[in-house]
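Here are my notes on the charged pairs in this one. Have the structure open while you read.

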Amino acid sequence: MTATTTTTRARPAALILTPSAEARIARLMETAPDGAIGVKLSTPRRGCSGLAYSVDYVTEADPFDEKIVTPGGDFYVDGGSLLYLVGSTMDWVEDDFSAGFVFQNPNAKGMCGCGESFTV
């Protein structure tokens, strides 16, 4: 009888972070409050379209969250939000008048006029 070998490959991250987003995470972690272990993205129910993007510091890892290791610190995606975010790209954009994370989300079917919330 021959032994069977199982090969596993690394699972791709649920969310793609641009270099600009990774650099912003690094800057956030440089000034993070005591006890912060990373930055976490979630999609709480909010706004006129239903779901919004929320980025906050996190102080403990949740086993259901997706952990993405970046050069500047750990980034977590809320386990309950993964279905709404799979395949998305997160970028950090700054111009003369505003700065913020911007999401390209193939799962979003609609967005409110102000861009604050989205539907799936």
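Is K40 buried or exposed? K40 is buried, at a relative accessible area of 18%; buried means under 20%, exposed over 50%, and partly exposed in between, with a 1.4 Å probe and protein chains only.

1. Before going further, a caveat: this is a predicted model, where local features need pLDDT of at least 70, side-chain atom pairs count only at pLDDT 80 or more, and totals for chains, interfaces and linings use all residues. Residues are numbered from 1 along each chain as its sequence is written, and side-chain values use heavy atoms, with hydrogens and water left out.

2. I get four salt bridges in the structure (a side-chain nitrogen of Lys or Arg within 4 Å of a carboxyl oxygen of Asp or Glu).

3. Back to K40: its side chain pairs with that of D78 at 3.8 Å, N to O. K40 sits in strand β2 (residues 38-42) and D78 in the loop between β7 (73-77) and α2 (82-85), so the bridge ties together parts 38 residues apart in sequence. Helices (H or I, at least four residues) and strands (E, at least two) are DSSP runs, numbered from the N terminus.

4. D74 and K67 form another salt bridge, at 3.4 Å, N to O. K67 is partly exposed, with 46% relative accessible area. Salt bridges with shared partners also join K40, D65 and D78 into one network.

5. Then there's E94 with R27, a salt bridge at 3.7 Å, N to O. This one links distant parts of the chain, with E94 in strand β8 (residues 88-94) and R27 in helix α1 (residues 19-30), 67 residues apart. E94 counts as exposed at 53% relative accessibility, while R27 is partly exposed at 34%.
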